[in-house]
Amino acid sequence: MAIYSVRAMEVRDVSQVSQIEREAFPPPWPATNFKRELSNSLTYYFVACKEAPEQKEPRPAVDALSNPGPAKSRLDSLRLGLRRLFGGQGLPAAPSQFILGFAGLWFMVDEAHLANIAVRETYRHQGIGESLLISAIEVSIERKAQFVTLEVRVSNKIAQSLYRKYGLVEVGLRRGYYMDNKEDAVIMTAEGITSVPYVKRLQNLKQAHAQKWGISPS
Ligand SMILES: CC(C)(COP(=O)(O)OP(=O)(O)OC[C@H]1O[C@@H](n2cnc3c(N)ncnc32)[C@H](O)[C@@H]1OP(=O)(O)O)[C@@H](O)C(=O)NCCC(=O)NCCS
């Protein structure tokens, strides 16, 4: 059963995402300025995060109104009441959840460019990278991009296999694209992502992925 969910990246996630980026793309690959990216309307960053175990609300030891008790338990009772009343909304932001992976898109006219995608090393091969790619393509379709494109190292067969599964095909080569070892980049693109056949293919792949990893349908 999958124990993670995919959501938009927030400022509180930046330090964990930077850590995952450093692990996946070690220096001298230039670090992304995630804070700047989050305030750019032409980019969209999102994360896969571990779902916190369900919090059991402790029963307050005393009734806060009839017997206020010590200041701390009054405060706890008040927080508990607020949480019950507003379902957690309007309360101070919770600390970041444990981030398992992230991806980022840049939008340019009708193009969605997958700028990066990475999963924590110890959590790879569990369907998380695929979940992130599915979300990336879905967001691209929502934003009316006509094609998804990206660069990937010629040696990165794992990522290429993931992209190929989702209909991205090799359309060119950028010679010496990577600064560290002057490795070539393969340009991969999926065109017509809003077309009926592509959307159907995406739905089928998403369903198969959900079944394989026990993800409830969204
Ligand atoms: C690429 C990456 C994001 C994949 O994430 P992941 O969570 O391990 O991948 P998943 O478990 O979701 O696997 C999805 C698909 O990826 C491919 N894949 C994953 N592991 C693979 C392996 N060991 N060998 C070959 N293909 C593999 C397969 O196509 C797989 O689909 P399948 O299960 O139907 O065979 C991850 O390896 C990563 O973070 N790598 C480092 C960063 C990176 O290279 N990013 C890409 C930059 S362009």
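This is a predicted model: local features need pLDDT of at least 70, side-chain atom pairs count only at pLDDT 80 or more; totals for chains, interfaces and linings use all residues.

User: How many helices and strands does the protein have?

Analyst: There are 6 helices and 7 strands. Along the sequence they follow the pattern β-α-α-β-α-β-β-α-β-α-β-β-α. Contacts tell you about the fold too. Of those with a separation of 6 or more, 69% join residues 24 or more positions apart. Buried residues make up 37% of the 218 residues.

User: How do I read the sheet?

Analyst: Strands of a sheet pair through backbone hydrogen bonds, either parallel or antiparallel. Here, 7 strands form an open sheet with mixed pairing, in the order β1-β2-β3-β4-β5-β7-β6. β1 (4-8) and β6 (169-174) stand at the edges. Each has a single partner strand, so one side of each lacks a neighbour in the sheet. From one strand to the next, the twist averages 25 degrees.

User: In which sense do β3 and β4 pair?

Analyst: They are antiparallel, over 8 bridges. For a landmark, find Gly104, which stands opposite Asn116 in β4. On the packing side, α4 touches β1, β2, β3, β4 and β5. The direction of α4 makes about 160 degrees with that of β4.

User: What does α1 lie across?

Analyst: α1 lies across β2 (43-50), β3 and β4. It runs at about 90 degrees to β3.

User: Which residues of α1 are buried?

Analyst: First, the general idea. An α-helix has 3.6 residues a turn, so residues three or four places apart point the same way. In α1, the buried residues are Val14, Gln16, Val17, Ser18, Ile20 and Glu21. Their cover includes α2, β2, β3 and β4.

User: Now a single residue. Is Leu100 buried or exposed?

Analyst: Leu100 is buried, because its relative accessible area is 0%, and the cut-off for buried is under 20%. It lies in strand β3 (residues 99-108). Beyond four places in sequence, Leu100 touches Tyr4, Ile20, Ala48, Cys49, Lys50, Val119, Arg120, Tyr123 and Ile128. Ile20 is one of the buried residues of α1. Tyr123 shows how sequence and space can be read together. Leu100 and Tyr123 are 23 residues apart in sequence and 6.8 Å apart in space, C-alpha to C-alpha.

User: How does Ala8 count by relative accessibility?

Analyst: Ala8 counts as partly exposed because its relative accessibility is 32%. Outside four places in sequence, Ala8 is in contact with Asp13, Tyr44, Tyr45, Phe46 and Val47. Ala8 and Gly104 are 96 residues apart along the chain, with their C-alpha atoms separated by 9.9 Å.

User: How do I read the largest pocket?

Analyst: Rolling a probe the size of a water molecule over the atoms shows where empty space is left. In this model, the largest pocket holds about 1,300 Å³ of space. It is lined by 45 residues, and those closest to its centre are Phe25, Ile117, Asn156, Ala159 and Tyr163.

User: Which element gives the most to that lining?

Analyst: β4 does, with 7 residues. Elements that each supply at least two residues include α1 (14-24), α4 (128-142), β5 (147-153) and α6 (196-213).

User: What classes of residue make up the lining of the largest pocket?

Analyst: The lining has 23 nonpolar, 10 polar and 12 charged residues.

Methods: Residues are numbered from 1 along each chain as its sequence is written. Side-chain values use heavy atoms; hydrogens and water are left out. On a 1 Å grid over the protein atoms alone, a cavity is a set of points where a 1.4 Å probe fits but cannot get out, and a pocket is an open set with protein on both sides within 12 Å along at least five of seven lines; lining residues have an atom within 4 Å of a point. Grid points are joined across faces, edges and corners, and a volume is the space filled by probe spheres set on the points. Helices (H or I, at least four residues) and strands (E, at least two) are DSSP runs, numbered from the N terminus. Ala, Val, Leu, Ile, Met, Phe, Trp, Tyr, Cys and Pro count as nonpolar, Asp, Glu, Lys and Arg as charged, and the others, Gly among them, as polar. Buried means under 20% relative accessible area, exposed over 50%, partly exposed in between (1.4 Å probe, protein chains only). Contact means heavy atoms within 4.5 Å. Two strands pair if DSSP finds at least two bridges between them. Axes are lines fitted to C-alpha atoms, for helices over the stretch in contact, and angles run from 0 to 180 degrees between N-to-C directions.
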